[in-house]
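Dear colleague,

I am passing on the structure below, together with some notes on what turned up in it. Please read them alongside the model.

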Amino acid sequence: RRIGLAVEFHLLYKRHIDIFTGAIRYARQHHWTTVNDDWIESTLAKASPDDLPFDGIIARVDAPRVGLTEEANRLGIPVVNVLTSSPLYDALPGVFPDYEKIGRMRAEHLLSRGLYHFACPAIRGRASDQREAAAFTATIEAAGFTVARLDLPPRWGDTLEAYRHNNHLIERWMDSWLLPMGVASCEDVMARHIATRCLERGWRIPDDVAIIGGHNEEQVCDQLSPSLSSVEVGFEKVGYEAARLL
């Protein structure tokens, strides 16, 4: 069998690479051929039912890629989705991490440190972030505390103008913190950004601000000082189970 993988491998995020790796591992065990094709909707558009490019597809079906499902249906090719924020989340078979559990784990970790003040940044419109943040907030509130939430746009630092604007929002948000503070970030890049802002203020990590990050991007978490705690989500298993579901 020939399987198309459209998981945005070129972006080199751990979640993309690990999903790719897990799917490849299953494919090798079952003697499948895999093709990494991040422009898979174009490949399908040029295909005919008599000459199928793939027997099945595993994809991060984001909004720009919704069209691939129409082409796949036309050709009779099954698709498994691995993107929680997909507009077709409820329409396609898919495999996803338990983001609510991740949020609870972050909360339990910070509560176990004896902290009383908590903050949580999340990306607006990203379903995984919002589920994690909601579960984190619910767990903290069940323990009798409150959470300072901050929602940021998906491309909060893609341009200098956006970076300056959103960094100003983050700085104003941090002005309201009561130390010591426990911070749960849904992604490690944001956790690192907050850590940098804390050090610039003379705040100690983890004494004044304890931070737990997102998806265990090791180079972001471990290779800089201070190192950051994070959550190993298990995206490789997502890829493996997506292949098995396919």
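The chain has nine helices and eight strands, where helices (H or I, at least four residues) and strands (E, at least two) are DSSP runs numbered from the N terminus. This is a predicted model, in which local features need pLDDT of at least 70 and side-chain atom pairs count only at pLDDT 80 or more, while totals for chains, interfaces and linings use all residues. Residues are numbered from 1 along each chain as its sequence is written, and side-chain values use heavy atoms, with hydrogens and water left out.

Taken along the principal axes, the C-alpha atoms of the chain fill a box of roughly 65 × 35 × 35 Å. Of the 246 residues, 50% count as buried; buried means under 20% relative accessible area, exposed over 50%, and partly exposed in between, with a 1.4 Å probe and protein chains only. Among contacts (heavy atoms within 4.5 Å) between residues at least 6 apart in sequence, 67% join residues at least 24 apart.

Helix α6 (residues 160–175) has 16 residues and reaches 22 Å from its first C-alpha to its last, close to the 22 Å expected at 1.5 Å a residue, the expected span being 1.5 Å times one less than the number of residues. Its buried residues are Ala 162, Asn 166, Asn 167, Ile 170, Trp 173 and Met 174. They lie on the same side of α6 because they cover an arc of only 120° around the axis, the arc being that of the directions from the helix axis to the C-beta atoms. What covers these buried residues includes β5, β6 (147–152) and α7 (188–200), whereas the face of α6 turned away from the buried side carries the exposed residues Leu 160, Glu 161, Arg 164, Arg 172 and Asp 175.

In helix α3 (residues 67–75), the buried residues are Leu 68, Thr 69, Ala 72 and Leu 75. These cover an arc of only 125° around the axis, which puts them on the same side of α3. They pack against α2 (40–45), β3 (56–59) and β4, while the exposed residues Glu 70 and Asn 73 are carried on the face turned away from the buried side. Just after α3, Gly 76 takes a positive phi of about 75°.

Strand β4 (residues 79–81) includes Asn 81, which counts as buried because its relative accessibility is 0%. Leaving aside neighbours within four places in sequence, Asn 81 is in contact with Ala 59, Arg 60, Val 61, Ser 86, Tyr 89, Leu 92, Pro 93, Gly 94, Val 95 and Phe 96.

I turn next to empty space. Rolling a probe the size of a water molecule over the atoms shows where such space is left. On a 1 Å grid over the protein atoms alone, a cavity is a set of points where a 1.4 Å probe fits but cannot get out, and a pocket is an open set with protein on both sides within 12 Å along at least five of seven lines; lining residues have an atom within 4 Å of a point. Grid points are joined across faces, edges and corners, and a volume is the space filled by probe spheres set on the points.

About 1,000 Å³ of space lies in the largest pocket. Its lining comprises 32 residues, of which Arg 15, Arg 60, Arg 126, Pro 154 and Arg 155 lie nearest the centre. The elements that give two or more residues to this lining are α1 (14–29) and α7, and α7 gives the most, with three. By class, the lining has 13 nonpolar, eight polar and 11 charged residues; Ala, Val, Leu, Ile, Met, Phe, Trp, Tyr, Cys and Pro count as nonpolar, Asp, Glu, Lys and Arg as charged, and the others, Gly among them, as polar.

The second largest pocket has a volume of about 210 Å³ and is lined by 15 residues, of which His 109, Arg 113, Pro 206, Ala 210 and Ile 211 lie nearest its centre. Strand β8 (209–212) and helix α4 (99–112) each supply at least two residues of the lining.

Strand β5 (residues 117–123) gives the most to its lining, with three residues.

Best regards
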